[in-house]
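Keep the viewer open and take each solution one step at a time.

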Amino acid sequence: IGRNPTDAVSPPKYQPDEMKFYDETQVAQLLLAAHGDRYEALYHLALVTGMRQSELLALKWSDLDWQKKTLKVQRQLKRDDRSNGYYSPPKTKAGKRTINLGSGTIPILRNHYEHQRLERLAAGNRWKENDLVFPSSIGTPLDQYNLLKRFKRLIREAGLPDIRFHDLRHTAASLMLNHGIPPLIVSRRLGHSKVSITLDTYGHLMPEMQNEAAELMDELVTPVAIDLHQTAPNCTITAPSPFGQSKCDDNSPHI
């Protein structure tokens with residue numbers, strides 16, 4: 001054909017899903033509502049690490065170092081095609097990372113481990129051991145759709161705004177950035193390949209840091225007024241002298 005028909009077409013622009021996130025009060029409300037829930041530790045870990053849902057559901061107990069308080073992200077759970085296994089590598093090379101955990105997270109994970117041990121005993125022969133941190137009630141990988149339904153019910157009953165599970169990742173990023181965590185550290189915890197991705201995605205969520213930067217720059221560049229002593233009109237400074245010598249008429253004020 002003489003020309004490409006698609007040249008006359010204006011392709012639609014990509015419109016990313018609207019980013020939503022909770023503030024500190026809403027996060028506290030969510031975790032209070034989740035207290036005692038089977039997935040309490042999952043919600044907590046999502047908020048303190050910013051991990052993707054697929055990464056959380058692929059975590060194994062062997063990835064957790066109790067002593068060093070670190071967590072290795074080494075795989076993610078496949079969403080659809082599981083013909084060649086349940087797991088796949090992280091999205092990027094940077095996605096394979098080690099995340100430090102706070103002292104408050106370790107007891108929550110220990111409590112979750114104990115509850116899982118009781119579930120394993122109750123399931124008996126039905127339990128399929130996969131060493132998963134967040135498995136189903138019989139040890140198999142957790143279905144993401146079932147988790148989403150339970151999460152939606154939780155936030156609805158807690159009276160919180162409707163968000164996606166993935167928005168917990170956005171919430172974690174916004175909390176870190178708004179509390180002065182360097183973007184490079186935030187980027188590494190999130191598993192971004194470049195810090196520029198973090199800034200492009202979440203830079204607009206840093207108004208408090210913008211205000212601090214504005215005040216700091218004002219202090220740095222604003223000139224400071226200095227009062228200089230002036231020589232009396234009838235005085236002269238003679239040299240040479242390290243400090244100069246003044247000679248004034250008797251009637252002139254001495255400064």
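A crossing is called left-handed if the near helix is turned anticlockwise from the far one by less than a right angle, and right-handed if clockwise. Keep in mind that this is a predicted model.

**Exercise 1.** Work out how helix α2 and helix α4 are arranged relative to each other.

*Solution.* Start with the axes: those of α2 (residues 40-49) and α4 (residues 105-123) come within 10 Å and cross at roughly 150 degrees. Angles over 145 degrees count as roughly antiparallel, so α2 is roughly antiparallel to α4. The handedness of this crossing is left-handed.

**Exercise 2.** Classify two of the 6 aromatic pairs found in the whole structure.

*Solution.* First take tyrosine 43 and phenylalanine 165: the ring centres are 6.4 Å apart and the planes stand at 50 degrees, so this pair is tilted. Tyrosine 43 sits in α2 and phenylalanine 165 in the loop between α5 and α6, so the pair ties together parts 122 residues apart in sequence. Both residues are buried.

Next take tryptophan 61 and tyrosine 113: with 4.9 Å centre to centre and 90 degrees between the planes, the pair is edge-to-face.

**Exercise 3.** Is tryptophan 61 buried or exposed?

*Solution.* Buried means under 20% relative accessible area. Tryptophan 61 has 9%, so tryptophan 61 is buried. Tyrosine 113, at 37%, counts as partly exposed.

Methods
Residues numbered from 1 in each chain as written. Predicted model: local features only at pLDDT ≥ 70, side-chain atom pairs only at ≥ 80, totals over all residues. Heavy atoms only, no water. Axes fitted to C-alpha atoms, helices over the stretch in contact; angles between N-to-C directions. Helix = DSSP H or I, 4+ residues; strand = E, 2+ residues; numbered from the N terminus. Parallel < 35°, antiparallel > 145°, perpendicular 65-115°, else oblique. Phe/Tyr/Trp six-rings, centres within 6.5 Å; stacked < 30°, edge-to-face > 60°. Buried < 20%, exposed > 50% of the residue type's maximum accessible area, 1.4 Å probe, protein only.
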